[in-house]
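Keep the viewer open as you read.

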Amino acid sequence: MSESTGGIDMDEESSGTVKKFAFINRKAPYGTIYALESLEVVLISAAFDQDVSLVFMDDGVYQLKKGQGTKAVGMKNFSPTYRALEGYDIEKLYVEKESLESRGLTEEDLIVDVEVLTAEEMATLMDEQDVVMSF
């Protein structure tokens with residue numbers, strides 16, 4: 001008997017299968033639900049012991065920016081959650097160099113340690129994944 005859950009095959013023979021998941025965050029942290037939804041999906045994937053990579057590019061790099069103030073938009077600041085990812089064995093965080101630079105940011109502006117990759121290196125990373133989801 002096989003049960004499928006979001007692309008993760010849960011039958012007995014393959015329950016130990018680990019797939020490589022990359023979650024790409026392209027949206028600013030507030031104003032839409034994409035960033036928060038992505039974070040929830042990432043945590044669920046990690047709960048299933050999958051190999052998770054978290055990628056930030058375009059306006060998604062703002063999700064990791066230090067000093068986020070959300071009072072004016074009336075939303076909860078969920079950015080501290082990114083510091084807890086290591087506790088869920090999510091340690092592969094990547095930021096696209098070009099996205100960071102075009103927004104005037106550096107690694108020092110981010111709340112967590114990341115690996116900065118060029119667009120070309122990011123494409124190689126994506127080719128190595130079993131599943132790529134973009135938010």
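Is Lys92 buried, partly exposed or exposed? Lys92 is partly exposed, with a relative accessible area of 32%. For these labels, buried means under 20% relative accessible area, exposed means over 50%, and partly exposed is in between (1.4 Å probe, protein chains only).

## Ground rules

This is a predicted model, where local features need pLDDT of at least 70 and side-chain atom pairs count only at pLDDT 80 or more, while totals for chains, interfaces and linings use all residues. Residues are numbered from 1 along each chain as its sequence is written, and side-chain values use heavy atoms, with hydrogens and water left out.

## The overall layout

The chain has 4 helices and 7 strands. Helices (H or I, at least four residues) and strands (E, at least two) are DSSP runs, numbered from the N terminus.

The chain has 135 residues, and 38% of them count as buried. The areas behind that come from the Shrake-Rupley method with a 1.4 Å probe, and for residues only the protein chains shown count as cover.

## Salt bridges

Side chains of opposite charge can pair when their charged atoms come close. A salt bridge here is a side-chain nitrogen of Lys or Arg within 4 Å of a carboxyl oxygen of Asp or Glu, and searching the whole structure turns up 4 of them.

Back to Lys92: its partner is Asp51, and the closest N and O atoms of the two are 2.7 Å apart. Asp51 lies in strand S4 and Lys92 in strand S5, so this pair ties together parts that are 41 residues apart in sequence. Asp51 is partly exposed, at 22% relative accessibility. Another bridge joins the side chains of Arg103 and Asp59, at 2.8 Å from N to O. Arg103 is in the loop between helix H3 (97-102) and strand S6 (115-117), and Asp59 is in the loop between S4 and H2, so the pair ties together parts 44 residues apart in sequence. Both ends count as partly exposed: Arg103 has 24% relative accessibility and Asp59 has 32%.

Glu101 and Lys97 form a bridge as well, with their closest N and O atoms 3.8 Å apart. The two are 4 residues apart in helix H3, which means about one helical turn separates them. Lys97 is partly exposed, with a relative accessible area of 35%.

## A negative patch

Which residues form the negative surface patch? They are Asp49, Glu86, Asp89, Glu91, Glu107, Glu108 and Asp113. Patch members have over 30% relative accessible area and no salt bridge; like charges are joined within 9 Å, and nonpolar side chains (Val, Leu, Ile, Met, Phe, Trp, Tyr) within 5 Å. Lys and Arg count as positive and Asp and Glu as negative, with His and the chain ends not counted. Each charge is placed at NZ of Lys, CZ of Arg, CG of Asp or CD of Glu.

Asp49 sits in the loop between helix H1 (34-47) and strand S4 (51-56), and has a positive phi of about 55 degrees although it is not a glycine. Asp49 is exposed, at 60% relative accessible area. Asp89 is in the loop between H2 and strand S5 (92-96); its phi is near 60 degrees, again a positive value in a residue other than glycine. Asp89 counts as exposed too, at 65% relative accessibility.

## Some buried residues

Where is Thr70? Look in the loop between S4 and helix H2 (81-84). Thr70 counts as buried, at 8% relative accessibility, and a polar atom of its side chain lies 2.6 Å from the backbone oxygen of Met75.

Leu39 is in helix H1 and is buried at 5% relative accessibility. The C-alpha atoms of Ile24 and Ser134 are separated by 4.6 Å, and the two residues are 110 residues apart along the chain.

Definitions and conventions
Polar contact = N/O pair within 3.5 Å; in protein donor to acceptor, adjacent residues only side chain to side chain.
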